[in-house]
Amino acid sequence: MKQTEGAIEAILFAAGDPIELARIAQALALDEKTCETILAKMIDEFSFDRRGVKILRLGSCYQLCTRPEYAEYVKTALDNRREATLSGASLEVLAIVAYNQPVTRGYIEQLRGVDSASTVATLLERELIEERGRLDMPGHPKLYGTTSTFLRCFGISSLEELPGLTDTLEGQESLLDGERSENE
């Protein structure tokens, strides 16, 4: 078992990017269910031992990454001063894509009321969204959806883990109500 776990850890480390469960299982000559069970055990052990890395499940893929509480040490050691942030417009477009995918740029612009070409281009460049085909209508506009990079950056395994829109809107309304009562 330790050799299999070591092999999985080595595969995840060498891959760098998310790797499909099926590919890991095939490399180890295991069935997917057994491989998934071993990975779940490893995720628990890495967490319990507070190791510097953790295994992320991203849909049907897995990836080895730095545990967030050690990120500052890694940044300091590697001298990474550039903080990758997203503008409000980028976050807005990303939310539209995440909750409504696949979507066209026209749909995004209709919801936002402004041109979103540069924002979509930025999200494509950062690999947070990707082209998912074309819509079967005049002009054949591109369809966009989120990527595994999006899941990893937001610390979720699948889109089902996104907060519900009604929960989010209710939270915003309660914040606004609190601000209104403070200003009265």
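## Basis and overall fold

Because the model is predicted, local features need pLDDT of at least 70 and side-chain atom pairs count only at pLDDT 80 or more, while totals for chains, interfaces and linings use all residues. Residues are numbered from 1 along each chain as its sequence is written, and side-chain values use heavy atoms, with hydrogens and water left out.

The chain holds nine helices and five strands, where helices (H or I, at least four residues) and strands (E, at least two) are DSSP runs numbered from the N terminus. Along the sequence these elements follow the pattern α-β-α-α-β-β-α-α-α-α-β-β-α-α. Of the 184 residues in the chain, 28% are buried, a term that means under 20% relative accessible area, with exposed over 50% and partly exposed in between (1.4 Å probe, protein chains only). Among contacts (heavy atoms within 4.5 Å) between residues at least 6 apart in sequence, 44% join residues at least 24 apart.

## The three-stranded sheet

An open sheet is formed by three strands in the order β1-β3-β2, with antiparallel pairing; two strands count as paired if DSSP finds at least two bridges between them. Since β1 (19–20) and β2 stand at the edges, each with a single partner strand, one side of each is left without a neighbour in the sheet. Strand β3 (residues 61–66) pairs with β1 in the antiparallel sense over two bridges, and E20 stands opposite C61 in β3.

Helix α1 (residues 2–15) packs on this sheet and touches β1, β2 and β3, its direction making about 75 degrees with that of β3. Helix α3 (residues 32–48) also packs on the sheet, touching β2 and β3, and its direction makes about 140 degrees with that of β2. Here axes are lines fitted to C-alpha atoms, for helices over the stretch in contact, and angles run from 0 to 180 degrees between N-to-C directions.

## Nonpolar cores

A nonpolar core is a set of buried Ala, Val, Leu, Ile, Met, Phe, Trp, Tyr and Cys residues joined through side-chain atoms within 4.5 Å. The largest such core has 19 residues, of which I108, I129 and F150 touch the most other members. At least two residues of this core come from each of β2 (53–58), α5 (88–100), α7 (117–125) and α8 (148–153), and α5 gives the most, with five residues.

Not counting residues up to four places away in sequence, F150 touches L94, A98, E127, L128, I156, L159 and L162. A second, separate core of 14 residues includes L12, L21, A25 and Y62.

The axes of α5 and α7 come within 10 Å and cross at roughly 80 degrees. That makes α5 roughly perpendicular to α7, because angles of 65 to 115 degrees are classed in this way, whereas those under 35 count as roughly parallel, those over 145 as roughly antiparallel and the rest as oblique. Where the two helices meet, A89, S90, V93 and L94 in α5 face T119, V120 and L123 in α7 as contact partners.

R112 lies in helix α6 (residues 105–112) and is buried, with a relative accessible area of 18%. Leaving aside neighbours within four places in sequence, R112 is in contact with A89, E92, V93, I96 and T119. The side chain of R112 makes a polar contact with the side chain of E92 (3.0 Å); such a contact is a pair of N or O atoms within 3.5 Å, and within protein one must be able to donate a hydrogen and the other to accept it, with residues adjacent in sequence counting only if both atoms are side-chain atoms. T119, in helix α7, is likewise buried, with a relative accessible area of 11%, and touches A89, S90, V93 and R112 when residues up to four places away in sequence are not counted.
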